[in-house]
Amino acid sequence: MGRYESAEASYLEAISLSKNGGFMPSFVNLYEIAVIRSRIKVGKEKVDLQLLYQQANQNKAKFNDGLMANYIAEILMNMGQEYVEQAEKWITRAVDFDLRNDTRWNLARDYRLQAELFARKNMNAMAQETYQKAIEVFATCGAQGWVRRIEEQLEQLLQKESPG
């Protein structure tokens with residue numbers, strides 16, 4: 001079982017446990033969005049965007065706002081080039097939520113995804129700046145593995161820019 005299939009199975013189990021345990025519907029919505037994110041990564045999901053947006057807008061657990069927006073942005077980025085502008089709006093939304101809610105780990109993930117989007121749009125200076133933000137925030141979280149991973153992505157971007 002691949003990484004995304006395994007994630008999907010875990011999220012489906014979390015949905016079941018949350019529903020049976022009487023958890024907040026906001027958590028179920030988060031896990032359902034995460035299932036779609038996992039499925040789209042392997043090309044097996046047709047996405048109902050209106051339902052996806054509705055799930056995010058029904059969120060009552062404010063600390064999940066940024067994570068939901070991040071997941072939706074990632075889903076949109078994987079749906080194709082015609083969804084990149086929408087993805088950018090959702091990433092900006094995720095950053096705003098996570099700054100406001102001081103959810104640093106999610107903020108670092110937002111910056112990483114935003115940098116990837118900028119790189120995809122050939123906005124390399126913005127991508128570099130945003131990768132640096134991700135590195136700084138991951139470092140404050142003590143996530144050295146993520147710091148190294150983002151530094152590698154930044155190095156790859158810089159190599160693409162340098163001639164020959």
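**View 1. Helix α8 and the second largest pocket.** Helix α8 gives the most to the lining of the second largest pocket, with six residues. Helices are DSSP runs of H or I with at least four residues, strands are runs of E with at least two, and both are numbered from the N terminus. Two helices, α7 (124-140) and α8 (144-161), each supply at least two residues of this lining. The lining consists of Ala119, Asn122, Asn124, Tyr131, Arg149, Glu152, Gln153, Gln156, Leu157 and Lys160. By type, the lining residues divide into three nonpolar, four polar and three charged; Ala, Val, Leu, Ile, Met, Phe, Trp, Tyr, Cys and Pro count as nonpolar, Asp, Glu, Lys and Arg as charged, and the others, Gly among them, as polar. The volume of the second largest pocket is about 180 Å³. A pocket is an open set of points, on a 1 Å grid over the protein atoms alone, where a 1.4 Å probe fits, with protein on both sides within 12 Å along at least five of seven lines; lining residues have an atom within 4 Å of a point. Points are joined across faces, edges and corners, and the volume is the space filled by probe spheres set on them.

The model is predicted: local features need pLDDT of at least 70 and side-chain atom pairs count only at pLDDT 80 or more, while totals for chains, interfaces and linings use all residues. Residues are numbered from 1 along each chain as its sequence is written, and side-chain values use heavy atoms, with hydrogens and water left out.

**View 2. The whole chain.** The protein has eight helices and zero strands, in the pattern α-α-α-α-α-α-α-α along the sequence. Its C-alpha atoms fill a box of roughly 55 × 35 × 30 Å, taken along the principal axes. Of the 164 residues, 45% count as buried. Buried means under 20% relative accessible area, exposed over 50%, and partly exposed in between, with a 1.4 Å probe and protein chains only. Among contacts with a separation of 6 or more, 59% join residues 24 or more positions apart; a contact means heavy atoms within 4.5 Å.

**View 3. Helix α7 and Asn124.** Helix α7 has 17 residues and reaches 24 Å from its first C-alpha to its last, close to the 24 Å expected at 1.5 Å a residue. The expected span is 1.5 Å times one less than the number of residues. In α7, Asn124, Ala127, Thr130, Tyr131, Ala134, Ile135, Val137 and Phe138 are buried, and what covers these buried residues includes α6 (104-120) and α8. Asn124, placed in α7, counts as buried because its relative accessible area is 19%. Leaving aside residues up to four places away in sequence, Asn124 touches Ala119, Leu157 and Glu161. After α7 comes Gly142, with a positive phi near 75 degrees.

**View 4. Positive phi in two loops.** Most residues other than glycine have a negative phi. Asp102, which is not a glycine, has a positive phi of about 55 degrees. Asp102 lies in the loop between α5 (84-101) and α6 and counts as exposed because its relative accessibility is 54%. Asn122 likewise has a positive phi, near 60 degrees, in a residue other than glycine. The loop between α6 and α7 holds Asn122, which is exposed at 63% relative accessibility.

**View 5. Helix α2 and the glycine after it.** Helix α2 (residues 25-41) has 17 residues and reaches 25 Å from first C-alpha to last, close to the expected 24 Å. This helix is mostly covered, with 13 of its 17 residues buried. Just after α2, Gly43 takes a positive phi of about 75 degrees.

View 6. Ala87 is placed in helix α5 and is buried, with a relative accessible area of 0%. Apart from residues up to four places away in sequence, Ala87 touches Ala73, Leu76, Met77 and Leu117. Gln54, found in helix α3 (residues 49-57), counts as partly exposed at 42% relative accessibility. Gln54 and Leu107 are 53 residues apart in sequence and 22 Å apart in space, C-alpha to C-alpha.
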